[in-house]
Amino acid sequence: MFNYYGGYMIVSGTPPEPIWLAHVAQELAAILELAPNWNSYGAPVVEKSAITQAFSVLQSIAKTDTPAPYVLPTPTGGVQFEWHTQEIDLEVEISPGREVSFLLDCTDKGKEYEGDLSSHLALVLEAVGKLSS
């Protein structure tokens with residue numbers, strides 16, 4: 001997209017995306033097709049709003065060189081992304097109500113963090129940066 005400001009042409013657009021993003025979108029679409037009781041323990045279907053929110057969250061935290069996450073439905077009707085590499089275990093969960101939480105275990109530091117993603121975004125982005133290196 002091109003915009004003009006003060007006689008200068010400004011080129012704007014989205015940053016490059018990870019090469020695996022389309023594959024993750026397909027995995028999310030497959031999760032959306034799960035039937036009620038998909039886990040044989042009474043799990044509800046995954047809500048479309050959770051899928052949409054999950055994709056948005058992933059686009060906002062992943063870098064082009066971030067490894068692909070594991071993509072999982074949760075038994076409560078949400079979606080979870082997981083990374084387990086570089087001595088970091090990061091899980092990001094999107095609930096059916098679109099709340100986003102995380103669990104971060106840094107084995108190299110011997111520390112574990114958890115909470116609401118928006119309140120700890122800098123910490124999660126730092127972890128994603130380490131996953132990407």
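Predicted model: local features only at pLDDT ≥ 70, side-chain atom pairs only at ≥ 80, totals over all residues.
Let me start with helix 2, which has 14 residues and reaches 20 Å from its first C-alpha to its last, close to the 20 Å expected at 1.5 Å a residue; the expected span is 1.5 Å times one less than the number of residues. Helices here are DSSP runs of H or I with at least four residues, strands are runs of E with at least two, and both are numbered from the N terminus.

Residues are numbered from 1 along each chain as its sequence is written, and side-chain values use heavy atoms, with hydrogens and water left out.

Which residues of helix 2 are buried? They are Ala-50, Ile-51, Gln-53, Ala-54, Val-57, Leu-58 and Ile-61, where buried means under 20% relative accessible area, exposed over 50%, and partly exposed in between, with a 1.4 Å probe and protein chains only. Seen down the axis of helix 2, these buried residues fall within an arc of 165 degrees, so they line one face of the helix; the arc is that of the directions from the helix axis to the C-beta atoms. The face turned away from the buried side of helix 2 carries the exposed residues Lys-48 and Ser-60. The buried residues of helix 2 pack against helix 1, strand 4, strand 5, strand 6 and helix 3, with contact meaning heavy atoms within 4.5 Å.

Turning to helix 1, residues 21–32, its 12 residues should span 16 Å at 1.5 Å a residue, and the end C-alpha atoms are 17 Å apart, which agrees. Leu-21, Val-24, Leu-28 and Ile-31 are buried in helix 1, and, viewed down the axis, its buried residues fall within an arc of 70 degrees, so they line one face of the helix. Ala-22 and Gln-26 are exposed on the other side of helix 1, whereas its buried residues pack against helix 2, strand 3 and strand 4.

Now to the core. The largest nonpolar core has 30 residues, and those with the most contacts inside it are Leu-58, Val-79, Phe-81, Trp-83, Leu-90 and Val-92; such a core is a set of buried Ala, Val, Leu, Ile, Met, Phe, Trp, Tyr and Cys residues joined through side-chain atoms within 4.5 Å. Two or more residues each come from helix 1, helix 2, strand 4, strand 5, strand 6 and helix 3, and helix 2 gives the most, with six residues. Leaving out residues up to four places away in sequence, Val-92 touches several others, among them Val-57, Ile-61, Trp-83 and Phe-102.

Thr-74 lies in the loop between strand 3 and strand 4, and is buried, with a relative accessible area of 5%. Again not counting residues up to four places away in sequence, Thr-74 touches Trp-38, Val-79, Gln-80 and Glu-93.

The bridge partner of Leu-103 in strand 7 is Glu-114. Four residues lie between the strands of this hairpin, in which Gly-110 takes a positive phi near 65 degrees.

Key:
Pairing = 2+ DSSP bridges.
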